[in-house]
Each structure stands twice: as structure tokens, then as C-alpha cells.
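Subject: Structure for your review

Dear colleague,

Please find below the structure that I am handing over to you. My notes on a helix pair and on a pocket follow it.

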Amino acid sequence: MTSLTQRSSGLVQRRTEASRNAAADKERGIGEDDESRREEEEEDDKGDSKETRLTLMEEVLLLGLKDREGYTSFWNDCISSGLRGCMLIELALRGRLHLEPCGIRRKSLLARKVIFKSDAPTGDMLLDEALKHVKETQPPETVQSWIELLSGETWNPLKLHFQLRNVRERLAKNLVEKGVLTTEKQNFLLFDMTTHPLTNSTIKQRLVRKVQESVLDRWVNEPQRMDRRMLALIFLAHSSDVLENAFAPLLDEQYDLAMKRVRLLLDLDPEGEAAKSGANELLWAVVAAFTK
């Protein structure tokens with residue numbers, strides 16, 4: 001009887017140890033999965049060196065450029081205003097601009113003025129030029145007004161000096177300096193045009209992959225949990241009519257799922273999102289300007 005009891009207790013002990021070992025292995029496996037995922041994400045970030053780290057404007061332009069031809073579609077009349085929206089968000093994310101308080105009357109995002117916050121140089125001539133305009137303008141203007149003024153879409157001749165000229169060409173030259181594009185001359189019968197074909201496909205592929213993964217494998221279903229730059233890139237690439245280029249290589253099922261999730265983002269209420277904790281109000285004001 002005693003030996004039977006001992007055998008039983010020994011069996012229970014072995015089972016307990018086995019279950020503990022299994023639990024430990026499972027926990028170790030989960031930890032290794034999390035660690036490998038973190039390493040993978042760090043590797044992606046590490047790939048963006050200082051030389052190849054792109055601004056929102058450069059990313060939108062790169063998505064819009066034809067790889068071999070080196071220019072954007074002649075039929076795309078949205079990218080100009082989209083790039084100006086990128087500038088405002090880029091400056092907001094860098095702590096140079098913000099929206100005025102909504103006040104007691106709870107003014108809407110599009111009714112609130114853009115306020116200068118810091119004139120510390122950004123290291124980007126286009127951004128510094130736009131920042132200088134905002135700093136020197138009194139009274140302040142709204143987000144919608146700044147997108148129009150920086151694009152030159154104004155009937156007021158006294159405000160034409162706000163227009164930022166040759167933006168696409170200047171951004172393309174930035175990408176040439178960063179080793180992403182090269183410069184060529186193409187003849188179009190009646191005129192010659194400077195083009196900027198893709199020379200470093202790795203950087204563009206990485207950008208396209210990040211956009212795809214943000215609405216597929218790494219989709220979080222909560223805008224406030226998304227990376228702000230990626231959230232802004234999706235909205236502005238869509239407004240600039242270049243988001244389709246990032247999704248073109250996808251399979252049909254993946255494409256449908258990606259567009260469905262982009263539609264979920266586009267259907268969000270910017271006023272409600274801007275009111276949430278940690279939200280960047282100027283980012284959502286630019287979104288409101290393009291989706292209203």
C-alpha cells in the first residue's frame with residue numbers, strides 16, 4: 001500500500017514538473033517571439049540611417065514618382081496641395097507649430113488658427129521657409145488658408161508671396177542628395193524636362209512595405225495607437241492620389257483588406273480624434289481640411 005502511494009506521489013510530482021517545464025517552454029517561446037519581433041522592428045528602423053531618413057513630403061513624392069520615368073503623373077492635380085499639408089504636419093510633429101486653443105465656444109479644427117511655437121531651424125529649407133511665413137503672418141491663418149497660400153491658390157495679390165515655388169523639383173533634389181534618385185534630361189518633342197528616376201530601390205521598397213504593413217500585418221484598429229507619422233502619411237498619400245501606388249503590388253485579397261482599413265481611417269471624425277488624449281490637433285486639422 002505504501003509503495004503504491006509512493007508511486008502515485010512520484011507520478012504526480014513528475015506530471016507537475018512536466019507541466020511546469022511546458023509552461024516555461026511556452027513562456028520562453030512567447031518571449032522569443034516578442035524579442036524577434038522587436039529585433040525585426042529595430043532592424044527596420046536601423047535601416048533608415050540619417051542620410052536616408054525622409055520627411056513626409058519626400059515620402060509622398062517618392063510614392064508618386066514613376067520609378068523609371070522619374071516624374072509624377074501629368075494627371076495628378078492633388079499632389080501639390082497634399083505636399084503643403086505634409087509641411088504643416090511635419091512642422092507640428094517637430095514642435096514648431098500648433099493650433100490655438102479651442103476656447104469656451106469650442107471652435108472647430110478648421111476655424112482655429114495655426115500658431116507659431118518655435119523658430120529653431122529644421123535642417124530642411126522648404127520647412128524653414130514655410131515656418132518663416134507662419135511666424136511673420138499677423139493675424140494668424142487657419143490650416144485651410146495655409147494650404148491654399150503655400151500652394152499659391154489665392155485671389156489676393158498681396159498674399160501671392162506666400163507661395164512656395166518649385167516644391168516637387170526641390171524635394172526631388174533632396175532625394176538626389178540622399179542617394180534615392182538621380183537626375184536626367186528627357187526630351188518631350190516640344191520641350192526638355194528634368195526627370196529624377198529611382199536609383200535606390202531598397203529605400204522605396206522599404207517605404208512601400210511599411211505603408212502596406214501598417215494596414216495589414218501591423219494594423220491596430222485604433223488611430224491613437226498608430227505611429228503618428230505613418231497615420232499622417234496614409235491620409236496625405238490618399239489626398240495626394242498616390243496611396244494606390246503603394247498597394248498596387250498586393251494580391252487582390254490583401255488589396256481589398258488594405259483599402260477597407262484605409263476607408264475606416266478616412267471615415268473617422270477628425271474633431272473627435274483631435275479631442276482624445278495625446279492627439280496632435282494640427283495633424284487632425286489637416287486631415288479635416290482634405291476630407292471635409
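At roughly what angle do the axes of helix H3 (residues 79-93) and helix H8 (residues 228-239) cross? In this predicted model, the two axes cross at roughly 165 degrees and come within 10 Å of each other. Since angles over 145 degrees count as roughly antiparallel, H3 and H8 are therefore roughly antiparallel to each other. The crossing in which H3 passes H8 is right-handed.

The residues that meet at this crossing are as follows. H3 contributes Gly-82, Gly-85, Cys-86, Ile-89, Glu-90 and Leu-93, while Arg-228, Arg-229, Ala-232 and Leu-236 take part from H8. By class, this contact of H3 with H8 comprises 5 nonpolar, 2 polar and 3 charged residues.

I turn next to a pocket. The second largest pocket has a volume of about 400 Å³, and 20 residues line it. Nearest the centre of this pocket lie Leu-61, Thr-72, Val-167, Arg-168 and Glu-169.

Which elements supply at least two residues each to the lining of the second largest pocket? They are H3, helix H6 (167-177) and strand S4 (192-195). H6 provides the largest share of that lining, with 4 residues. Divided by class, the lining of the second largest pocket has 8 nonpolar, 8 polar and 4 charged residues.

With kind regards

Key: Residues are numbered from 1 along each chain as its sequence is written. This is a predicted model: local features need pLDDT of at least 70, side-chain atom pairs count only at pLDDT 80 or more; totals for chains, interfaces and linings use all residues. Side-chain values use heavy atoms; hydrogens and water are left out. Axes are lines fitted to C-alpha atoms, for helices over the stretch in contact, and angles run from 0 to 180 degrees between N-to-C directions. Angles under 35 degrees count as roughly parallel, over 145 as roughly antiparallel, 65 to 115 as roughly perpendicular and the rest as oblique. A crossing is left-handed if the near helix is turned anticlockwise from the far one by less than a right angle, and right-handed if clockwise. Contact means heavy atoms within 4.5 Å. Ala, Val, Leu, Ile, Met, Phe, Trp, Tyr, Cys and Pro count as nonpolar, Asp, Glu, Lys and Arg as charged, and the others, Gly among them, as polar. On a 1 Å grid over the protein atoms alone, a cavity is a set of points where a 1.4 Å probe fits but cannot get out, and a pocket is an open set with protein on both sides within 12 Å along at least five of seven lines; lining residues have an atom within 4 Å of a point. Grid points are joined across faces, edges and corners, and a volume is the space filled by probe spheres set on the points.
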